[in-house]
Every structure is written in C-alpha cells, then in structure tokens.
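Dear colleague,

I am handing over the structure below for your records.

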Amino acid sequence: MKLQISNLSKTYPNGTRALDHVNLEIQTGMFGLLGPNGAGKSTLMRTLATLQMPDTGSIQLGGLNVLTQKKEVRQILGYLPQEFGVYPKVSAERLLDHLAVLKGITDKSSRKKLVQALLEKTNLYDVRKKNLGGFSGGMKQRFGIAQALLTRPKLIIVDEPTAGLDPAERNRFHNLLSELGEEAVVILSTHIVDDVKELCTSMAIINHGKILMHGNPLEAIAEVEGKVWKKRIHKTELADYEKAYQVISNMLIAGQPEIHVLSDSMPGEGFSPTEADLEDVYFSYIHAASTAEPAVSA
Amino acid sequence: MLFRIFSFELSYRLKRPATWVYFGLMMLIAFAAVAWENLTVGGGTGQVKDNAPVVIAQILLILTAVPGFLIVSAIMGVPILRDYEHQTSDMIFTTPIRKRDYLLGRFLGSFTIVLMIFTGALLGIMIGVNMPWLDADRLVPFEFNHYFAPFWVFVIPNIFFASMLFFAGGALSRSLLFVFVQGIAMLVLYIISLQLFSNLDNRTLAAMLDPTGFNVVNITSQYWGITEQNTQVYSMTGLILQNRLLWIMLGFVGIGLTLWRFSFSKPGGKARKRKKKQITLGKAMSQGDISAIAIPASRITDGWQTQLSRILHLSRLYFREIVLSIPFIAITLMGVVLLIANASNFNSIYGTDTYPTTYQILEVLETFNLFFIIIIVFYGGELIWKERDLRINQIFDAMPLPDFVMMSGKFLGMVAVYLLLLVALIVTGVLIQTFKGYYQYEIGIYFSKLFTETFSFLIVYTLFVFFLQVIINQKLLTHAIVILFFLFADIILPQIGLEHSLWQFGSGGLGTYSDMNSFGHAVAPFSWHKFYWLGFALVLFAIGVLLSVRGTDGLLKTRLKLAKLRFVRPIAIFSILAFMMFGFTGCYIYYNTNILNEYASSDEIKETRANYEKQLKQYQDLPQPKIVETKLIVDIFPKSRDFVAEGYYILKNKSDGPISDIHIQLTSERDLKQESLTFEQMDSLGAGKAMLFESFEDFRYYIYKLDHPMQPGDSLKMNFKANYKTIGFVEGGGSTQVVYNGTFFNNTSYFPTLGYDRGGELSEEKDRKKHGLPVERERMRSRNDPLGQKIPLVGDDADKIRFEVVMSTDTSQIAIAPGYLQREWTEGDRHYYHYKMDKTMFNFYSIVSARYEVVKETWSTPQGQELTLEIYHHPGHTYNLDRMMEGMKHSISYYEQHFSPYQFRQMRIMEFPRYSSFAQSFANTVPFSEGIGFILSIGADDIDMAYYVTAHEMAHQWWGHQVTEANVQGNAMLSETMSQYSALMVMKQKNSPEMMQKFLRHELDRYLRGRAGETKKEQPLALVERQSYIHYRKGSIVMYALQDYISEDSVNAALRRYLQTWAGREDRYPTTADLLPYFREVTPDSLQYLITDMFETITLFENRALEPTYEVLANSQYRVTIPVKAEKFRADSLGNQTEIPLQDWMDVGVFAKGNDGKDSLIYLQKHKLTQSETTFEVVVGAEPVKAGIDPLHKLIDRNPKDNVAKVGVVQ
C-alpha cells in the first residue's frame, strides 16, 4: 500500500498558509514528519485522517481517494490525534469496546478478545475497569494507541505522540509503533528529531506548509556528513557568529552556547568537525528555508 | 488594596463584550415591553394604563427574573471561579493580598456591573414610554418615581440577593454547575411560594418565601383599586420591607459565609478530585511480552445491523453520561420536590380539593415540563458538544461511521432519558395518589398522555435544539436563543399574523381530559399535528446531519460545501420521506381546518364583528314577533358528533304595530347548516308566506319579508331544520358542546334567533377604536330603558314559551331536555325521549346526551308536594351524590317555606364534561359540571361546594324562573345575588358560623381582587353589568350582612313580597329599582343607610382595633376597653375613595379561649359609631384574648386582619 499526496494546499480563513503544494509519496513503514510548531504538520495529518478538506490537491491511498472515499479510508485508518480527551466517567475497557463497535466490530466475542489484547498490548489491562478520568498523560496516550489499532489499520496517523511523555513511556511507545510499521503506513508527526531518528525509514521536513526535504534519514545525514562544525563560544559572541556563519543550531552546554555551523570546509578558528546527526539535517533545512528567500533575491 | 481589586474587576468587566450585550439586551426587552404593541409583559388591561406604576413594577420584576437572574448568575458565579478556570489562582493566591480584599473587591466590582446592566432595563422603559406612536389615552403622565421606586424597592434587593447567592456558590463550590443548580433551586422556591399563594391562609408565608418579590407585590396590591394602580408606587414598608430585609439579610449571610469559609490554600475542586482518583499502574511488562501479544483480526461489518448496533451503543453511552451527571440528578430531584409540593392541593375551589384522579395528577405533573425544557436545552446542547468538549472529537470523527449515526445515537440517548423520566413521573404520580388514599390508578391514562403529548413535545424540541446547535455552532448562544424562543414564540408568532396552528411550533394538544369524554375528539387533530411537527423535526434532523461538524472545519460555509458530498442515498431518502411526512400531514391539516371547515384569523373575526355592528346595528330596536311555542325533534349522533334539529317556533306579534320583516340570526358556528327555514300562515287573517329579502351571509343574518305583514296579535309558524355536521377537524380544537359522551348545549348556541344580537359586537376599546366604531359602548341597557324593561333575562326572542321536544340518541346514552318525560322508546339503534313542559317556561333549554347512571328518589316537601329528584351522573362519580341530593331537599324546603312553592314536580341534575366549570339552571333541569362537584373530596373542615352549588342552582328556579328580571343594568343582582343569598341561608342552617365565615372570606377576596382587575368601571351592585365579582361575590357579602342587620325573616319577607308581585309577569320585567323598595320597607329607619351603602353605592370600610386592654373586676368579670378607628369611604367607578361621615352600626366583639383551644366570641354587640375614633368599654365573664370591631368581617374592608387585636392587661 502506498500513500500518494499530490499538490495539497490549504489556506485558513485568517490567511495562514498551512499547506503549500505538498507532494509526498509514502510507502509501508514508519514515516516521520518533522517540523517546528505551527509548520503545518497537524493540518496535513488531519487532512490525511479525513478530518479536514484541503483547498486543492489530492490524496490517494492504494486505490482509494482519501478526500472523497472517506468511509472506506476510515475503515482502515488508525488515528491518534495530537491532543485528545476522554470520557472521564467511563472505564478504559468500556470506551475501547464502544469505539470498537463504532469501528464496525459488531461481533461481541471477537470484540471482547480484541479489546483484551489491545489493553494488554498497551499495558492497560490492570486498570481496564478504572475510569479514564483518573489516567495519567502516558496512560491516556497508550489508550489512544489502543484505539488506533482497533482494526489492524493500513494507515496509522500519530500526531505528536510523545509530547509530554517521560523517557520510559516514550521508549515503550516507540517499541509499539515500530511493530506497527511492519505492515502499515505509519505516519508520525513530531518536532522531536530523536523520534524520527529512532523509528523511521523515511521522513520529510515541513515548515511554513512546504516540504523542505523528503527522503531517508540515513541518506540525509550522509548528505551533511563532514560539513558540520561545532564551536563553543561566549554568549555575547552569538550574534556576531550568526552574522558571519551559517549557524544551524546552538545549544547550551553547561551554560555556554555551542554552535553548529554548516560548511563544506573548516569555517574558521576554533571550530572542530562533529559527527552529523539528524538534528543537524533538520536545522539545516529549517535554517536554509528561513534564509533562502533573501538569499535568492540577493 | 480592596479598591485596586475592585477597579481591576470593574475595568475587566467593562472591556468584556458580554457586559454590553447584557446591557443592550435588558434595554431592548424593556423598551419593547412598553413600546411594542405586540409584546405584552405584565401589561395593563382595561383601565390600568400601560405605564401605570404597578405595570412598570411588574415589567421590572419579570425582567429581573428572566433574563435577569440568568445574567446575574453568568456574571456573579464566575469572579472567583475564573481564577481557577484560567489557572491563575496559584499566581494570585501567592501574592500578599488579603482574602477579604480579594473577595469583596471581586464581588463589589462585579456587582457594580450587574447594577449597571439592570439600569439598562430602567432606561429602556423610560425611553419606551415616550415613543410618539403610543396611544396617549393608554398612558399616565410621566413621573420619575414610578420608575425609580420599583427599581429601588425590588430590582436592587433582588439582584443584590441573587448576586450574593451566586457569588458565594461560585466561590465556595468552585463549580459553575453548582451556581446553575442554585438558580434552579431559586426557581423551585418561587413556584412553591406561588402554589402557597393560592391558599388564602398562606399568603403571608408565600410572600415571605419568595425571593423574587412577585408574591409580595401581589399581596400588597391585590385589593388596590384602579386609580391606586395608576398612581401608587410600592413603598418599602410593611410586608414588602420584611420580605426585602429577609432576603438581603440572607444575602449578607451568604457573603459572610464566603468570607469565613473561603480559603486561598485549598486547591481547586478539579485538582482535588484528580488527586484522589489518580491511578497507578503495576509494573510494566517487558518488551518481549508486549510484542508477543497478537492483536486478533476482527471482522468489520457495515450493514444496517451495524449502524443500529452503533446507534444503540452510542445512545447507551450518552444516556449514562446524562443520568450520572450531577445537574441532571439535581434538576430531577428538584422537579420531584416541586411536584410533591404542588400535590398539596388539587384544583382547589374555595379551599376544597378534588380527588387526586389520574387526570388531576397529570395536570400537576405538567409542572415538570419546565424541568423537561431545562433538560432539553441544556443536555441537548451538551450532547451535540460532548465530544468537542471532551476533546475526543477527532477520534470519533475519524471512525468509519455514516454521518447520521452520531446524531441518531445522541437523539436516542436523550429519548432514553425521557423514557426514564416519564416512568419516574408515573411512579411519582401513583405514589402521590397512594399517599392521599386514592387507589384507582388508571395507568392507561398516564401513558396515554405522557407518552403521546409530553413525549412528542420532548422529541420535537430535542431535534429542534440539535438543529440549532449544529447551525449556530455556539453552545451558549444557542442556549440563549432557544430559551428566548420558548419564552416568546407563543406570544409573538400570533401577533405577527402567524396564528394558524401550522405556524405554531409544536402545536397540537390533547386538551382537557374528562372522565366522561376522555380526550374526546381532540385525539385526531392532535395526532395529525404531532406527525406534522415530527416530520418537520425530522427534516431539521436531516439538515442537522448534513451540516453537523465532523472534523475540524466548523465554518458554516465549508460545511455547506461538504453537505453536498454527504448527501448520500440513505440520507436523501430519509429527507424526502421526512419532508413528505411534513408536507402531507400539513396539507391534510390545512385541508381539514381551512377547506373542509372554515378558518378565520382573529383579525378577520374582529373585522366581521365590526362590520356586523356597522351594518346591522340599525335593526337593534326593530320590533320583532316573539316566540310563544317551540316544538322540536332533535336527533343526536354522538359517535359522529352530529345532530339534526327540526321543528318549529310559533311567532306572535306582541307589538303595537304591524311587522312585515322577520330578522333571523343564525349561529356563527359554521358546522351548523341551516337546511331549511320557511314560514307558514297560522290563520286566515294572519300573515302568509315570506320570502328571503336580504342576506348577510358573513354574519349569517337574514331578513325575510312577509307577503302580508303580521298585525298585532297575529301568529306565524316558522319551520326550520338545522343540521350540525362534524366534518374532519377545525382549527383550535373545535366545540366541546357536541361530543362523544356528554353533549350539552342550549338553544342559543345553535338554533335560530330573532333580530340583531348585541352580544356579537366588539367590546374591547382597543378593537373598537381600530375598526372605527364609537369607543364608548355601554355594556348593558340602562335600568330605566323602557325597551329593556320588556326584555327578559335570556333575551328578546320570547317571553315565556310552550315547549316540547322529541330527542333521540344512541341506545347507550340518555337524552335529556327540560320538561317531563312523556314517553321513552327504542327504535333500531336509537333511543327516543319525548319531553313536554306542562306550563310555559323561559325560552332557554338545554339539550343533553350522555351515558349515565341515574339516582332517583321520590320525596315529599315539608309543604306536602311530591317531587322526583334525579341525578344523572357518570358511572363511578358517586362521591357527592348524597350531598347534592341533600342540597336539593334542603334548598327546596327552605325556598318553599320562605318564598313560594316550587313550580315543578321534578328536579334533575346531570353531569357534563369538565370543559366548563359551571352549573346552569334550566326549568326543572340543572346541568352540572364534572369539575365542580362530582369529584370533590370534601372533608369535615372543607366548604361543601357540591351542596352550595346545588343550593344556588335550585334557587334559580325561583330567582330567574319564577320571577324573571329585565335584561338591564343590575339584572344579575336579581337572579344571581338572590340565588347566592338563598344558598347562603340554606348553608347557614347546616354549617357552623366559622364555616360560613370561611366561605365569605373567599367571597370577599374574590370581590376585592375582581374590582382590582375591572376593565371598564365598577358598578354599584344595583347597577351591575354582568360583573361576576359584583353580583356573586359582593352580592354574597352584602346580603349576608343585610340579613344580619335586619334579620333573615325581614329579608325573606321582602323577597316574598317582591316575588308575589312580579312572578309570572310578561308585560314588564322587574329591575333592581323594583326590588330595593321591598328591602327598604323591611329596614328600620336607623338602618336605611345600609341599602344605600350596599346596593346603590360602592362603600368600603377601613376598620381597625387600636390597642385593647382589660382589667379584672370582682366575680371573675373583666372590663375590656376597646379603642377602635373606623373610616367609611365611597368609591367611584375607578376606585377613587372619598371618606364620608360615620353614622353606622357595627359589631364590637371580644374573644376568649374556648374549650377547644380556639378563640371564640364571648361578646358580640352592635354599637353605633359617629366618629372615626371611638373607645368601647364592655364587661365580659371570661378572660379576653382578642377584641375589636366588625370581628366577623360583615362589612367590606380591604384590610380585614387588623379588625381585632390582642388584648393587653392594665396593671
């Protein structure tokens, strides 16, 4: 199964351009959609999840037109929204059972088995009788995964799933997701580069509604390999360096900024080469996009 | 600090648009209430002007309640809550502000805003009354205090209390729901106090209990005359002051409680809860274990069974969500509390209750509809917004559901809640019946009303709310719109010409239930209307489904675009079917009401009546022949609600000149077709054939011209056949006179009458003005009008007539008319009765047919006359037959002894359905409503209404039938007042003085309230113009007092002489001017003033006891000193009072504790008062407890309670 996104655009009534001629082709497996907050990730995810109509463009999933054959798409869709609530006075088991019925699983005994398996899988079995109102963020998130897996979906969309999870939870979550990627198109949107690095075989970087990069994370890293230089500088120098070099990121290490600079050759004194990682790729694209326009006109 | 918090709150609120929306809303509604003719809010009627101070006060009170309290709760519930909701509480509470400053600052800031918003109402009214298009005749001159006084006396205390309540509730509970529940509790308290108010003894309590001030207003001005209502403002004194103080104090208690209990350190309600419920997991499974769990594949179905299963699952979820929510439980409990409070008295007449029959219980259960409305509005909105409010909408929206499934699930969830509540209502009803010792439960009737009328109302409004929530897509705004719709749609729609039931959203009701006729013919139109609105609601439902928000696009424009995609086959089919159902039933209703039957809007009807007067008034005094004989065959067909009446009148020219034109007026009831009307020559000298000369079809008025004019003394036979046919159903429910079981009508309803009918004219000044008719219209002919003196009570068609009728009806029913049964036989499936009266009688006869059981008794009067007494009653309605039978015997005995012999050999009472609540006296025949005697539950302490009504109607056989009065001003004093008097005398023989007192107290209350509501002018009793509060209520009081002053024997002697002189006369009928000399004749000179006071003028007293004291004398004697203040007033027709000098005899009374613990009179003597303040000294033989003037309230006094006072001891 293949997901083909063509020329997708969406502008909100307030003028925000959320999607700008997005073209993507996504194969079975884990696909990471990386971008800063407000880049258009959620708009794209919601559009893929049949919850929003684009202004133009088309989305094809296997033989299905996602924009018009909504019901068919929804039958093979597993969707975990970025932020969601629950019925506080309903137990996990009951709500999951309820959602299974909505999915179309009407046979009672198979539904029971399914719900049990999913609760075990998401490690919620012990608390299945508890009301969801008392669930912690991580438990709620796992419940979200459980409901997304109800029908062995062919298309799984998880929007910012690890935000707010502690490291252990996040780890468990990654394991679960990676299992799914074996037989479905799994699209994971995130602004955390490590999520993608750990999970995805394919990825795209999006900002201001535009796809900046689309490809394999490892290849992307290879592309910048040897071009990333780092230097620890003083706080007061940061502005000067940003003017002089292509600074793609800076982070504080023990209170002093360490900057990463993208350059084919050694950019200057005090810089040392560093092993490129996905983060550098990400920041280089984001940085390039934000400076591209004045650069082109110059 | 306080000031800074205050000013922060103030400026925060002033910046909020909601504040200005509320202000504007208040101003607009207040403006419309006075300036827009189509909207009447607490408005003046008749002589009370549209901007009278009482009206202004009413408008302000109503606006303070709705939407006022809603606004107060919205503003005052949140000032503290806001900090929790926005999670700024931690930030604020850690600053060094003092709790008191914080709370008071917030409170005062918000309260100032509330005050400002309510001045909007004041401004709106003040601007409204000055609009140039208002009719200056309907206004009193502008006076600032008329507006300011009620604002200060009612509005400010009300909103102050409500503000305190909601502020305290919101701050202490930290839950808006709690504020909401408080609001409903206040409403419940108000309704309970209203219920209490209906009982005379509880009025003061009711007034105090009511935080809104409505009751205290009612009790204060209940007896105000017209002029007082137009000029007087409510002042902060007496009961008003007490009520206001009570609630303001409770308000302070609320704020004190808040200051005391509120704590910065306590975490917010939500956080607290979460902590308690926090769930922790056991140890996590290893990764391997997790991977080992296989997710089984499940078959996904998508057929109609799947949809059904989904819908049922959803509805179960929603049902659970609603039923387990706290406000729902609170609303329901309060509703039940209210029902139980309301069940304390049933449809009480003079404090006497009816049995708690199932239909009476159903009427009580209707109070719960208010709570149903709250549930529809609130939970209808909640369910539509459920997923979005919980932020689980994206998960639900991405489910592979057809679009209609969610909404259907929500709808069925609501339906399940309704079913639960309806069953709970039935259980409550049955419990109420059981506790009252009534065990005939009639579960079928519960179901037949609750599961049809109530249920369809719930369904239709739920779908309506769903629709609006979807379209408007803003929860709170939609709530507001729906509430406004509930409040005003019924008022405004008819005013703008959308009067037909097809326009009235949710129209169609089952109407009154009667044991005799069940829901009768209301069932068919009811059902059609319900299907019509259901069709409409389903169309709305389909639109709602198409436009429902699914996904994240909420804009209506986008949704409209999407709707095209969503308009799939099943929805298309559903929409078409729903639309067809709506359209077809609508057409069918229209076909019935407007094509099969005639429909006229109220404007058209008024227009017709105006034209009737304009064109035909000229014939008002035209001499017409009189009916002297009536012979009819009336065949009643109860199953199809038809009858055919065929027969003739013999007309006789009793005038001095020839008559050539006969004017025939037919009934305006269009169900009646006049099949034929011909005239026949009676003798060779008399008149011959007649031809139709002029027709006024609009008024069903026809002028026939005789070939040869009737000479004085000539007779003419008028044959006619009238066919009353019920076809389909009519708009507005149709007549309840000809019904399946319990047909009752009289000749004036359907049979031809002669000449112009004054009763057809427009009577309201507003209408007359609009249609260009003279605004001044006398309600009755003057007492001295010689023409009027020749017209008997029931109209100018006849003096007395010979009467004979053959009636037929179903074999299951008995048909009854005045006269004696000559023969009774069955022919096929028809039961025939031939009645004939053996002497002449009024031209006034009843036609009755129903399935009856009969109680019959032969009885000899003390005078030795043998009578048959019969009661025709509905099977099972046997509770009070003995009382009625006794009532007949006692009253006939008394009247024969004191007035004259009874003129008939028989008396019959027959029950008719409770569509009307009266009894009416025809010759030897009294139809008696099911609702006012047959199902009364009369206890030892209750007034025996069955007995009283029977005695009153019996008395009409004398006052009305034996001596018939002229149809002029004052006429009802001669029939109704004298019947009241007669009934009182019969009751007095059987009942204790206390019981008589109780009855008279109700009469006084009704008289005083009646005159406060007078629409034209109050008349003295002797000139009464069909004003029931005068001829019944005041009549009772003054006649009871008269016999007390001049003795019962004297009054009876006067009446006897009057009757002997006037009985049986047909040349001229008596007026009050003819009766009063008989009263004067038996009244001693010293009391002649009574006749003037009671009958010829409007006289009121203001008597009260000042502080009476006593001292102990020797031999256990006590000397009581009773200082009193007495004032006597004459009132004009608008209630303007002038004090007049006293030369009056009044009772002075002293009470002591009786053996039974109650106060009993130990001294009662009449004393003459010649000055306003007098002190009496009397010696009594027991220790006095109370003393005063006119202690038994024989005189008309608007403040009877202060007539006696506690007696103090002189040391």
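Two strands are said to pair if DSSP finds at least two bridges between them. This is the sense in which pairing is used below, and please bear in mind throughout that the model is a predicted one.

Strand β1 (residues 2-11) of chain A pairs with strand β2 (residues 17-27) of chain A in the antiparallel sense, over 7 bridges.

**Chain A: two domains**

The assignment divides chain A into domain 1 (2-215) and domain 2 (222-297). Taken over C-alpha atoms, the centres of domain 1 of chain A and domain 2 of chain A are separated by 33 Å. Their contact takes 9 residues from domain 1 of chain A and 6 residues from domain 2 of chain A. On the domain 1 side, the elements giving two or more residues are α7 (193-199), β9 (202-207) and β10 (210-215) of chain A. α7(A) gives the most to this side, with 3 residues. By class, the domain 1 side has 7 nonpolar, 1 polar and 1 charged residues.

One residue of chain A deserves a separate remark. A254(A) has a phi near 50°, a positive value in a residue other than glycine. A254(A) is placed in the loop between β12 (247-253) and β13 (256-262) of chain A. Is A254(A) buried or exposed? A254(A) counts as exposed because it has 6 C-beta neighbours inside 10 Å, and the limit for that class is 12 or fewer.

**Where the chains meet**

In the contact between the chains, 43 residues of chain B touch 51 residues of chain A. On the chain B side, two or more residues each come from α14 (287-292), α15 (304-323), α19 (393-397) and α24 (556-566) of chain B. Which of these elements gives the most to the side of chain B that touches chain A? It is α15(B), with 6 residues. The residues of this side divide into 23 nonpolar, 13 polar and 7 charged.

**Chain B: domains and cores**

For chain B, the domain assignment gives domain 1 (2-173 + 203-264), domain 2 (306-596), domain 3 (958-1096) and domain 4 (1098-1211). The C-alpha centres of domain 2 of chain B and domain 4 of chain B lie 59 Å apart.

The largest nonpolar core has 170 residues, and those that touch the most other members are F31(A), V186(A), I187(A), L188(A), L463(B), A537(B) and F541(B). Beyond its neighbours within four places in sequence, F541(B) is in contact with M407(B), L463(B), F466(B) and F467(B). A second, separate core of 152 residues includes V738(B), Y981(B), M985(B) and V1120(B).

**Chain B: two loop residues**

S548(B) lies in the loop between α23 (523-547) and α24 of chain B. S548(B) counts as buried because it has 24 C-beta neighbours inside 10 Å, where 20 or more are needed. Leaving aside its neighbours within four places in sequence, S548(B) is in contact with D403(B), M407(B) and V470(B). The C-alpha atoms of S548(B) and F467(B) are separated by 8.8 Å, although the two residues are 81 residues apart along the chain.

S1047(B) is placed in the loop between α33 (1028-1046) and α34 (1048-1062) of chain B. S1047(B) has a positive phi of about 85° although it is not a glycine. With 12 other C-beta atoms within 10 Å, S1047(B) is exposed.

**Chain B: parallel strands**

Strand β19 (residues 906-912) of chain B is mostly covered, with 6 of its 7 residues buried. β19(B) pairs in the parallel sense with strand β18 (residues 866-873) of chain B over 5 bridges. β19(B) also pairs in the parallel sense with strand β20 (residues 925-929) of chain B over 5 bridges. M910(B) in β19(B) is the bridge partner of Y872(B), and M910(B) has P927(B) in β20(B) as a bridge partner. Together with helix α29 (residues 881-898) of chain B, β18(B) and β19(B) make a left-handed β-α-β unit.

With kind regards

How values were computed: Residues numbered from 1 in each chain as written. Chains lettered and ligands numbered in written order. Predicted model: local features only at pLDDT ≥ 70, side-chain atom pairs only at ≥ 80, totals over all residues. Contact = placed C-beta atoms within 7 Å. Helix = DSSP H or I, 4+ residues; strand = E, 2+ residues; numbered from the N terminus. Nonpolar A, V, L, I, M, F, W, Y, C, P; charged D, E, K, R; others polar. Domains from an automatic or database assignment. Right-handed = clockwise from strand over helix to strand, strands pointing away. Core = buried A, V, L, I, M, F, W, Y, C linked by C-beta atoms within 7 Å.
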